[in-house]
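Please open the model in your viewer and keep the selection tool at hand. The tour below goes from the whole chain to single residues, with a stop at each selection.

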Amino acid sequence: GEAPAAGGYFLPRSKAKQAEAAKPKRRGFALHEVDETVLPVLPEEEPDVEITEVDVPEVEAPVVETVEAEVPEVEAPVVEAVEAELPEVELPEAPAAEETAAEESAEDAAEELRYFTRTPAPVEEPAVEETEIVPEPDVPEEPAEELPPVEEAPAEEAPLTRAERKARKKAEKQAAKEAREAEKLAAEEARLAAKAEKAEAKAAAKEAKHAWEDPAKNVSLEEALEGKAEAAPAAAAAAVADFDENARNAEFDATYEEPKASGGALKVLRNIVVTLAALAIVACLALLGYRLVQEKMNARQFTQAATLLQEGESVKDMKAVQKKYPDIAFPADMQAKFGDLYAQNQDLSGWIAIPGTTLDYPVVQTDNDTFYQNHNFKTAASTLGTPFLSTKNDAAELDLNTVVYGQASSKEPLMFSALESYRDKNYFLKHPVIQYSTLYEDYTFKVYAVFVTNAAPEQDNGYVFDYTVPNLGTVESFAGYIDQLNERRLYDTGVDIASTDKLLTLSTSTDDFEHARLVVVGRLLRADESKGVDKTLVKTNKSPRFPQAYYDAAGKTNPYADADKWIPTIS
């Protein structure tokens, strides 16, 4: 219930003041410090503040007994005085004892004013004891960290239009592109510079070596090194110095030879072989493609020719044909059905067909047996050619033996490829006849024999069976020829031949051996004879005669090696 005075003694307080002190204080912060030694100056005119009187019950403050505690005396440690300049601190002076009573009334008024105006009570400063201060050791002050200058925020730019954004983006892309090109150019220049430097170094080393090896130049190794080191870059000087150590070895100098590329000849040969192989493949593919194109072209042309022949079947008057083609000199008594075909090609000599097969083509004739081997009906180059009549035969009249040649295709059933099927007697039973027409007459032949023969003497022990003879001088010669056919045919067709009969021979190439020929011989159908054949008479030839090349290719012994070599009598 007593407040300590500044001097350390206690002064009695009034009951009103004690009651005020006992009231709970509202916590807050002082807006400003108030010097207790200075009395507040109140304005003369009281502010218009309506004060409401509140009855506050008086509460007696509890009596606090003062307990004196004995504090043991402790000797303070001796502290060496250190002279230090300390800042002077002005301490507030305690109010005098005699002024305390006079100020109570003023304090009571000030307390009431502070309470009603809700101003926090001033905080009394504690007494400061004078103590001896030990200065801290001098510590160098760290320089204050300089903060980076704060950049002023750029002023907000006006929003760009769509065209401006597009232009800016285009400019950025162009700039990036130019930067990439510049980098590529710089890299390429660096590569070229390095390459040039390396070449220069190599040349410098080589010249230094030659200067050392050639005494006629009268240049010492040191001079060569010195001169090249000045002229060449550092890499060249290093290469020359490296050669210097190798040059000091006399044995190395005496036996040194420039290294040669290993496998040079083999590499060249290998490259040549690979190139030739590639060219061969390309040539084969080109030839195959060309052949396929020719086959398609030939097929189309022969289809057109067959259409013209079919349309010509209805033409009975040759005068209409001559009127249609006034510039063409047609043979006398020519069948009108051949008018359109003959107008296209005057080499036309007839038509060959096997009913029920793909063999259905025009037949031509010229003064040689080679032209139409590789030309089509319109005389354009073709690998399949056109069926042609032998130059030995008469195109107007049937000879004893009329021979027609034709190419065979291994890929398509074109030209005389159908003849290959006649190796089988069952195929013969289905297609026993051949139709052949000249410009003047139509004929039908029954198949008599199918055989394989050769075209060169070396393929049959110096012998060639001549099946192309158009006419035989005697009946005996003809009989001898029929015996040769019977000996060579693959099967007996059951068709007979008389000395008065005429023959049609179809010849084509085959793959039994090199330059092999497959031959189908037909006998002219007699008057009032049926086109059919007797199946019971068809029999397989158990040992047909082949050329020696056939047995060699098959790895068999030729049973006809010592047989007679028939020579025809030509009329």
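## The whole chain

With the surface of the protein chain displayed, you are looking at an accessible area of about 40500 Å², of which 54% belongs to carbon and sulfur atoms. Please keep in mind throughout that this is a predicted model. If you switch to a cartoon view, the protein chain shows 12 helices and 12 strands, and of its 571 residues, 29% are buried. Among the contacts in the chain with a separation of 6 or more, 65% are between residues 24 or more positions apart.

## Strand β7 and its partners

Select residues 433-438, which make up strand β7; five of its six residues are buried, so the strand is largely enclosed by the rest of the structure. To see one place where they meet, pick Gly 350, whose bridge partner in β7 is Thr 438.

Next, bring in strand β8, which runs antiparallel to β7 and is joined to it by five bridges. Here Tyr 436 has Tyr 443 as its bridge partner in β8, and the two strands form a hairpin with three residues between them.

## Salt bridges

The structure holds 14 salt bridges, and three of them are visited here. Start with Arg 423 and Glu 420, whose side chains meet in a salt bridge with N and O 3.0 Å apart. Arg 423 is partly exposed, with a relative accessible area of 31%, and Glu 420 is likewise partly exposed, at 27%.

Move on to Glu 487 and Arg 545, which form a salt bridge whose closest N and O atoms are 3.0 Å apart. Glu 487 lies in helix α11 (residues 475-488) and Arg 545 in the loop between β12 (539-540) and α12 (548-554), so this pair ties together parts that are 58 residues apart in sequence.

Then select Asp 496 and Arg 523, where the side chains meet in a salt bridge at 3.2 Å, N to O. Asp 496 lies in the loop between β9 (491-492) and β10 (503-510), while Arg 523 lies in strand β11 (residues 516-524), so the pair ties together parts that are 27 residues apart in sequence. Asp 496 is partly exposed, with a relative accessible area of 45%, but Arg 523 is buried, with a relative accessible area of 0%. If you extend the selection to Lys 446, Asp 501, Arg 526 and Glu 529, you will see that salt bridges with shared partners join these residues, together with Asp 496 and Arg 523, into one network.

Turn to the surface and select Val 268, Ile 272, Leu 276 and Leu 279, which form a nonpolar patch with about 380 Å² of accessible area together. Ile 272 lies in helix α7 (residues 264-312) and is partly exposed, with a relative accessible area of 44%.

Finally, look at the backbone of Asp 333, which has a positive phi of about 65° although it is not a glycine. Asp 333 is in the loop between α8 (318-324) and α9 (339-344), and it is exposed, with a relative accessible area of 71%. Asp 528 also has a positive phi, near 65°, in a residue other than glycine. This residue is found in the loop between β11 and β12, and Asp 528 is exposed, with a relative accessible area of 83%.

Methods:
Residues are numbered from 1 along each chain as its sequence is written. This is a predicted model: local features need pLDDT of at least 70, side-chain atom pairs count only at pLDDT 80 or more; totals for chains, interfaces and linings use all residues. Side-chain values use heavy atoms; hydrogens and water are left out. A salt bridge is a side-chain nitrogen of Lys or Arg within 4 Å of a carboxyl oxygen of Asp or Glu. Buried means under 20% relative accessible area, exposed over 50%, partly exposed in between (1.4 Å probe, protein chains only). Helices (H or I, at least four residues) and strands (E, at least two) are DSSP runs, numbered from the N terminus. Contact means heavy atoms within 4.5 Å. Accessible areas come from the Shrake-Rupley method with a 1.4 Å probe; for residues, only the protein chains shown count as cover. Patches are made of residues with over 30% relative accessible area and no salt bridge: like charges are joined within 9 Å, nonpolar side chains (Val, Leu, Ile, Met, Phe, Trp, Tyr) within 5 Å. Two strands pair if DSSP finds at least two bridges between them.
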